[in-house]
Amino acid sequence: MSDRSERTSRVSRASVRQHQELRQARYQSKASREILAALGRSAADPGDVLDTVVDEATRLCGAQAAQLFLLKGDMFRLSRVAGETPQEYRDYLEDHPIARNRSSTVGRSAEDRHTHQIRDVLEDPDYGRHDLQRLAGFRTLLSTPMILEDEVVGVLSMWRTDVKPFDDRERELLEEFAVEGAIVLRHVDLMRSLESRGAELASKVAQLEALRAVGEAVGSSLDLDEVLDRIVTNAVRLTETDGGSIMEYDESSDSFHVRAAFGSSPDLLKQLRAITIRRESTLVGRTALENQPLELCDLAEAELDPHLDILFRDGWRSVLAVPMLRGDKIVGVLVIRRRSTGTFPPEMRELLQTFATQSALAIVNARLFRELETKTKELEVASRHKSEFLASMSHELRTPLNAVIGFSEVLLDRLFGEINERQAEYLRDIWNSGRHLLDLLNDILDLSKVEAGQMLIEPSRFEVGSVLDWAMAMLRERATLHAITITVQVAADVGVIEADERKFKQVVLNLVSNAVKFTPDGGSVSITACREGTALDVTVTDTGIGVPPEDQERIFESFQQGGRGASKEEGTGLGLTLSRRIVTLMGGRMWLKSTPEVGSTFGFSIPGLPELGHEVASSRHGDLPVVVLVDDDRVSLDLICAYLDGSPIQALRAGDGVEGLELIRKVLPAAVVLDIKLPRLDGWHVLAELKADPVTVEIPVVIASVVDDQSQGMALGADVYLRKPVSRDQLLDALRSVGAL
Amino acid sequence: MTPRRILVVEDNPLNLKLVRDVLQFAGYDVVEAHSGEEGLRVAEEDPPDLVLMDLQLPGIDGTETLRRLRQGSLGRNVPVVAVTAFAMAEDRERASLAGFDGYIEKPISVRALPGQVDAFMSGRGQ
């Protein structure tokens with residue numbers, strides 16, 4: 001029985017102990033749960049959790065008091081307390097924190113990084129904080145380190161005022177609380193760094209926003225004062241100061257003046273504007289000279305220059321001046337001020353330097369812009385003067401030329417009596433010089449029109465071969481005089497082009513006339529036209545004196561005849577310049593290939609040929625009899641050309657009476673096909689002129705017109721009178737009847 | 001048949017003389033005017049058969065003179081021809097838009113002028 005009862009009591013003792021342990025474990029886990037739950041809520045205040053930690057430690061470990069010490073610098077300072085801790089002790093600890101050494105359990109546990117217990121502090125010879133013991137009266141001490149990322153960050157400590165060591169379970173419990181406390185501390189740490197990062201980020205964002213606004217203002221075409229206002233406003237707001245100003249440097253007076261301000265009363269501004277801030281012996285000046293931010297943290301203590309004096313009187317107490325430089329040049333100084341005393345932190349200086357750079361940029365940009373604007377206006381005025389001058393000069397000079405050319409013509413034509421051969425020769429010289437001057441004036445006017453963008457391109461469709469033949473015809477007389485042969489070769493796939501005919505003629509005539517001019521007697525000039533895709537390539541090759549390589553680009557410049565014997569031959573010196581400009585205007589280009597003493601090839605390429613397969617086949621057959629067609633209606637001309645296609649005839653075209661007459665006199669064709677209603681000079685007069693001139697009287701004339709006046713036509717000497725519309729057979733018959741076919 | 005009268009309005013005395021002499025030689029009766037105002041007065045007193053008018057005149061210019069001529073006694077029946085120093089297409093167009101019956105380019109050709117003038121006179125109604 002006793003055995004049984006003994007066993008029973010043993011069992012029951014064990015069961016009681018087990019029961020107690022279980023309860024302890026429950027407490028413990030409940031405490032942990034509470035701590036962790038508090039941790040979960042701790043977003044608001046993690047300090048609550050630490051309070052929970054020390055509270056639970058005191059309660060669960062049967063201690064009189066528990067403390068949390070945190071390492072600050074190299075000392076442990078009291079952070080949290082629970083249980084019975086006298087106020088005196090707490091106050092005393094403030095001034096006498098615990099060192100990290102062996103004089104306390106706190107120091108020992110931190111040094112050894114594990115838990116330390118002193119059974120009775122009064123009996124520990126190494127214990128050194130009897131000052132604390134006297135205030136709190138503890139005897140048994142237990143401390144355990146809180147370790148975060150391998151670093152001791154704090155110590156959790158508890159005491160009993162009687163000598164009763166903490167057992168292993170209590171020790172383990174404290175260690176667990178230390179771990180939990182460490183977690184909380186890490187959390188707090190994270191929170192704190194997050195918060196500061198957040199604040200840093202927010203301030204960075206604000207800075208970036210401000211800088212963006214400033215950058216935008218600098219980049220925009222805003223008025224400079226507005227840009228600087230924005231800069232100084234943003235600078236003051238961002239640095240949370242009270243006011244600021246931008247002082248612009250004026251080189252001519254070697255001083256600074258207020259350009260923009262923020263947080264400044266009208267009265268202050270008025271005063272600041274009234275003074276001259278010299279570069280010497282002022283804060284603003286020194287900042288610029290030394291190229292570094294300078295600050296005065298208490299104006300009451302500082303030596304005041306006139307500028308600072310005004311600020312001080314207006315109630316300002318601290319000032320930071322930041323230089324605004326562009327390269328090495330002083331542009332100005334940004335001044336930020338506060339109504340309170342105090343220094344300006346380095347980050348603020350850095351930020352303000354960015355603002356200062358932006359301000360400098362804005363000011364420099366504005367100055368450049370202003371300069372550019374002035375220059376542009378001056379140039380515009382100059383260019384307008386030039387155009388007006390050219391236009392009026394051209395008119396003023398042409399008017400007297402009209403008389404020079406006209407009266408010499410009157411005399412040369414012996415309108416009012418006979419003249420002798422010498423007189424006629426001199427009159428021809430006068431007439432030639434007048435014409436030359438007129439050409440020069442026309443070229444100058446054309447060039448100035450091209451330069452002013454006033455030369456318009458008027459495209460039409462015309463046959464390339466006809467124009468080349470026309471150019472050849474215009475120069476035949478001169479070429480024959482110098483025994484120069486001119487040939488024209490047009491590729492079979494080059495027919496009609498869409499381009500400005502008048503200007504095309506001008507360019508071709510210029511090149512061919514140059515070639516004839518610079519080719520020695522007995523030489524040759526060949527004109528070719530070929531296709532390059534839908535572009536037309538025209539070349540004029542001579543056997544002339546050539547152009548040295550060094551002059552080949554210069555020759556296209558005004559008044560350059562590039563050592564091509566300019567003294568012998570006269571020209572305006574503007575022809576090639578003008579031709580190249582016209583070709584460029586037509587969307588093409590002009591070039592030169594030349595070998596001195598061998599010859600030159602001037603070429604140009606212009607767009608406007610139809611796609612292959614769409615073009616009108618060329619009707620040219622080398623050196624055939626020429627028929628001049630005079631008609632202002634392009635469709636009629638095209639039709640007649642089409643009729644003549646395949647016949648052994650070269651057709652040359654003229655668009656009005658004057659041009660027709662000129663062409664006929666030059667080429668002396670085998671026949672003329674003449675319209676009556678013509679611009680400038682009508683068909684009747686062309687006919688009359690032809691028949692009145694012994695040189696042209698024999699040239700047969702076929703009239704093709706809607707005008708029905710055969711009797712007048714025949715009376716004036718026309719050979720055939722056709723009424724439009726004219727059929728192909730009618731035309732061919734007519735040309736046959738006059739012997740042109 | 002009395003010779004046909006041509007009114008020449010031209011401010012440059014030499015050019016005026018040239019045109020006058022050439023036209024007189026060709027058998028025309030030439031009346032001179034050195035400005036638009038004078039041209040208007042002469043045309044009012046003794047209406048010509050044709051007017052040759054410089055475009056750039058002192059005082060009222062050629063275009064304005066033409067407008068007043070048309071409103072006055074000259075009416076629409078007498079051809080008025082512009083004499084212009086500008087050989088550009090836009091100037092020709094401007095002249096024709098302004099209501100001139102035609103134009104003669106400067107420098108005038110002594111040989112072509114009588115024919116040109118004759119064409120403008122007989123060309124009416126064609």
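This is a predicted model: local features need pLDDT of at least 70, side-chain atom pairs count only at pLDDT 80 or more; totals for chains, interfaces and linings use all residues.
Residues are numbered from 1 along each chain as its sequence is written, while chains are lettered from A and ligands numbered from 1 in the order in which they are written. For the complex, the predictor gives an ipTM of 0.74 and a pTM of 0.46.

Now for where the chains meet. On the B side, 22 residues are in contact with 25 residues of chain A (C-beta atoms, placed from the backbone, within 7 Å). Helices α1 (13-25) and α5 (113-122) of chain B each supply at least two residues to the side touching chain A; helices here are DSSP runs of H or I, at least four residues, numbered from the N terminus. The most comes from α1(B), with six residues. By class, that side of chain B has 11 nonpolar, seven polar and four charged residues (nonpolar: Ala, Val, Leu, Ile, Met, Phe, Trp, Tyr, Cys and Pro; charged: Asp, Glu, Lys and Arg; polar: the others, Gly among them).

Over in chain A, look at helices α7 (residues 224-238) and α11 (residues 346-412), which pack at about 180 degrees with axes 10 Å apart. Axes are lines fitted to C-alpha atoms over the stretch in contact, and angles run from 0 to 180 degrees between N-to-C directions. So α7(A) is roughly antiparallel to α11(A) (over 145 degrees). Among the residues that meet are A:Leu228 and A:Ile231 from α7(A), and A:Phe355 and A:Ala362 from α11(A). The contact divides into 12 nonpolar, two polar and no charged residues.

Key:
Two residues are in contact if their C-beta atoms, placed from the backbone, lie within 7 Å. Angles under 35 degrees count as roughly parallel, over 145 as roughly antiparallel, 65 to 115 as roughly perpendicular and the rest as oblique.
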